[in-house]
Amino acid sequence: MKNPTPVSLLLVLISFSGVLSETNLQQKVLVFPAESDSASVVLQAPLLEPLTSFTMCLRYYSLLTREYGLFSYATKEQYNQILLLKPSPNQYRLYLGEVYVTFILPEKKDSKPGWEHICVSWESATGLVALWLDGEPLPRMGLQKSQCIHPEASIVLGQDQDSFGGGFDASQSFVGEMKDVYMWNRVLNADEVGLVSSDYVLSDSLINWRALNYEIKGYVVLQPCQTPSPYGVQS
């Protein structure tokens, strides 16, 4: 075999650099080991038209008690176009633009830390926002009725974007583990949310953990899950 030319060698290095990859991450987790103003995971999604509805789901484990960002969808016009934030251990907050709704959870006595599965949805026609925690729905709220979401977006896990693709604040960064990230351009019904929370994969997703187009930036590590899924390996 001939020695590779500098150009071909460069292409090989780029192909193994992990700059952009589409990968099945089943039985994998993204570990955010430390507070940071740079650690993030950038996602690519085939968004061609404005969103008039969506559902986003993910599973995570964190011991943080301070505020942190889980999922950030920023446009050049609006950095908080979609932002899922956890202000405190018993609250979830969804921003759509500069307005938001906060879901306050009843405090559980003697509860132990562990994985939480969250799904949040919104539809423009009614303005209704729904949030499910571990497959259980909370009372719906209203936000941004008759609005739409621009498709040219920077999508980031583990940070709150205060500029397009950046502007991170370490005091709002996620520290913990995250997996099973999905997004659809429609509102899932209760049965579908139950399937997703049980680790089944639905079709037609914009973001698919089993075929994730992502880029790791900063101190984030892709690792095997420490514990097996209680649902087994689903298809």
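Predicted model: local features only at pLDDT ≥ 70, side-chain atom pairs only at ≥ 80, totals over all residues.
Colleague: What pLDDT does the protein average?
Modeller: Of the residues, 87% score at least 70. The average for the protein is a pLDDT of 89.

Colleague: Which residues of helix α2 are buried, and why do they lie on the same side?
Modeller: Helices (H or I, at least four residues) and strands (E, at least two) are DSSP runs, numbered from the N terminus, and α2 spans residues 190-197. Buried means under 20% relative accessible area, exposed over 50%, and partly exposed in between (1.4 Å probe, protein chains only); by that rule Glu192, Val193, Val196 and Ser197 of α2 are buried. Because they cover only a limited arc, taken from the directions from the helix axis to the C-beta atoms, they fall on the same side of α2, and the arc is 135 degrees.

Colleague: Which strands do the buried residues of α2 pack against?
Modeller: An α-helix has 3.6 residues a turn, so residues three or four places apart point the same way. The buried residues of α2 pack against β4 (53-61), β9 (116-123), β10 (128-133) and β14 (176-184).

Colleague: Which cysteines form a disulfide?
Modeller: A disulfide is a pair of cysteine sulfur atoms within 2.5 Å, and by this rule the count comes to one. The sulfur atoms are 2.0 Å apart, and the cysteines are Cys57 and Cys119.

Colleague: How many residues apart in sequence are the parts that Cys57 and Cys119 tie together?
Modeller: The torsion about the S-S bond is about 115 degrees, so the disulfide of Cys57 and Cys119 is right-handed. Cys57 counts as buried at 0% relative accessibility, and Cys119 counts as buried at 1%. Cys57 lies in strand β4 and Cys119 in strand β9, so the parts tied together are apart in sequence by 62 residues.

Colleague: Which backbone oxygen does the side chain of Trp122 reach?
Modeller: Trp122 is found in strand β9 and is buried, with a relative accessible area of 1%. Its C-alpha atom is separated by 9.7 Å from that of Asn185, 63 residues away along the chain. The side chain of Trp122 reaches, at 2.8 Å, the backbone oxygen of Leu143.

Colleague: Is Ser121 buried or exposed, and which residues does it touch?
Modeller: Ser121, in strand β9, is buried, with a relative accessible area of 2%. The C-alpha atoms of Ser121 and Leu131, ten residues apart along the chain, are separated by 6.6 Å. Not counting residues up to four places away in sequence, Ser121 touches Phe54, Thr55, Leu128, Val129, Ala130, Trp132 and Val187.

Colleague: How many degrees lie between the planes of Tyr61 and Trp115?
Modeller: Rings of Phe, Tyr and Trp (its six-membered ring) pair if their centres lie within 6.5 Å; planes under 30 degrees apart count as stacked, over 60 as edge-to-face and the rest as tilted. By this rule the count comes to eight aromatic pairs. Tyr61 and Trp115 are 5.8 Å centre to centre and edge-to-face, with an angle between the planes of 65 degrees.

Colleague: Which residues does Thr75 touch?
Modeller: Thr75 is found in the loop between β5 (68-74) and β6 (82-88) and is buried, with a relative accessible area of 0%. Not counting residues up to four places away in sequence, Thr75 touches Gln81, His150, Glu152 and Phe164.

How values were computed
Residues numbered from 1 in each chain as written. Heavy atoms only, no water. pLDDT = per-residue confidence, 0-100. Contact = heavy atoms within 4.5 Å. Polar contact = N/O pair within 3.5 Å; in protein donor to acceptor, adjacent residues only side chain to side chain.
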